[in-house]
Amino acid sequence: MAIVAFTPSSLPSAAPSGTLPTTARGTSPEAPNEPQAPHSPQAPNGRTAPEPFMFGPRSRQLFGIFHAAESARTVDSAVLLCAPFGQEGLRTHRFYKVLAERLARTGVATLRFDFHGAGDSPGDERGGEMDGWRRDLWSAHEELRLRAPQARIVWIGARLGATLAVLAARNGRCDPVRLVLWEPVIDGRRYARLLREQHVAAIDTTFCIPDLSWRRNLARNPDALPEEALGASLSPALRAQLHALTPESLPLTALHDTLVLASPDDTQTAQWAADQQSRHMPVRLAYFRHPLDWTADPYPNSAMVPAEALTRLQGAVHE
């Protein structure tokens with residue numbers, strides 16, 4: 001079993017038995033204290049430094065970091081990175097940072113951001129739900145469009161971030177030229193069960209005396225949707241949305257070229273992509289195996305960034 005590691009800042013000195021601590025938020029050294037006007041700060045190495053800022057409607061501010069393209073190598077593409085949910089978002093935080101830096105160095109402006117109530121964005125995570133996050137993605141797209149007005153915008157989303165990209169793109173409000181969906185969540189109940197199973201496994205390995213009631217409850221009702229998963233809260237609205245999330249509820253549209261990256265043994269995603277192709281949607285499936293574990297870290301205290309995953313996603317922008 002993979003060892004689940006939590007950062008010291010996310011663990012209180014005394015946690016109630018059977019409950020994982022809520023994910024630490026607002027701890028990124030990149031987070032500004034106040035909204036900042038767009039500018040192009042210079043890093044010590046002479047390159048344009050990433051710019052942290054707040055954006056979006058006043059009632060729903062979001063935290064973002066813009067990586068401007070290097071002017072000498074600027075190309076006609078820009079990338080919006082859509083983060084996964086909860087612990088999966090923490091696992092990919094450094095990966096997205098390195099990916100954004102690499103894209104910027106090759107001339108691709110990139111925006112990464114935190115959904116409302118997650119990461120360094122304001123809001124109560126206990127109220128998080130997919131309709132609001134879909135609107136957040138629209139706001140992030142509009143912000144990237146302001147900062148890269150001539151660019152062809154590509155959305156790259158992982159896990160639930162990829163699912164949100166599908167939901168946000170299909171109404172035609174935004175104009176991404178391509179969706180890159182990295183192992184999208186297309187079966188909400190299956191996904192919630194995975195989170196619950198990993199949560200129970202983390203309880204077993206985190207506390208000196210495991211609370212066996214969690215495992216008994218899992219065995220008694222394996223399909224129950226959890227209220228908490230690996231330190232992240234699942235609101236009633238989010239649980240209802242995951243319950244209703246099925247492959248049939250995620251039709252793609254012909255508005256966007258779509259690349260789906262899936263594990264070779266993920267037959268459900270392969271069938272979903274094939275169903276979209278049968279509807280004559282511009283979608284392509286590519287199998288991709290990588291060592292990144294979405295919900296557990298096999299290398300505690302290590303910020304592993306798989307080189308093959310970086311290369312694959314960089315290439316997906318231009319395919």
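Mentor: A polar contact is a pair of N or O atoms within 3.5 Å; within protein, one must be able to donate a hydrogen and the other to accept it, and residues adjacent in sequence count only if both atoms are side-chain atoms. Our model is predicted: local features need pLDDT of at least 70, side-chain atom pairs count only at pLDDT 80 or more, and totals for chains, interfaces and linings use all residues. Residues are numbered from 1 along each chain as its sequence is written, and side-chain values use heavy atoms, leaving out hydrogens and water.

Trainee: Happy to start there. Which residue's backbone nitrogen does the side chain of D124 reach?

Mentor: Find D124 in the loop between β4 (109-114) and α2 (130-147); helices (H or I, at least four residues) and strands (E, at least two) are DSSP runs, numbered from the N terminus. At 2.9 Å, the side chain of D124 reaches the backbone nitrogen of R126.

Trainee: Is D124 buried, partly exposed or exposed?

Mentor: Buried means under 20% relative accessible area, exposed over 50%, and partly exposed in between (1.4 Å probe, protein chains only). With a relative accessible area of 42%, D124 is therefore partly exposed.

Trainee: How far apart are the C-alpha atoms of D124 and S233?

Mentor: Along the chain, D124 and S233 are 109 residues apart. In the model, their C-alpha atoms are separated by 9.8 Å.

Trainee: How many charged residues are in the contact of α1 with α8?

Mentor: Here F95, V98, L99, R102 and L103 of α1 meet A309, L310, T311, L313 and Q314 of α8 (contact: heavy atoms within 4.5 Å). Ala, Val, Leu, Ile, Met, Phe, Trp, Tyr, Cys and Pro count as nonpolar, Asp, Glu, Lys and Arg as charged, and the others, Gly among them, as polar. By class there are seven nonpolar residues, two polar, and charged, one.

Trainee: What is the relative accessible area of E183?

Mentor: E183 is found in the loop between β6 (178-182) and α4 (188-206), and has a positive phi of about 50° although it is not a glycine. E183 is buried because its relative accessible area is 11%.
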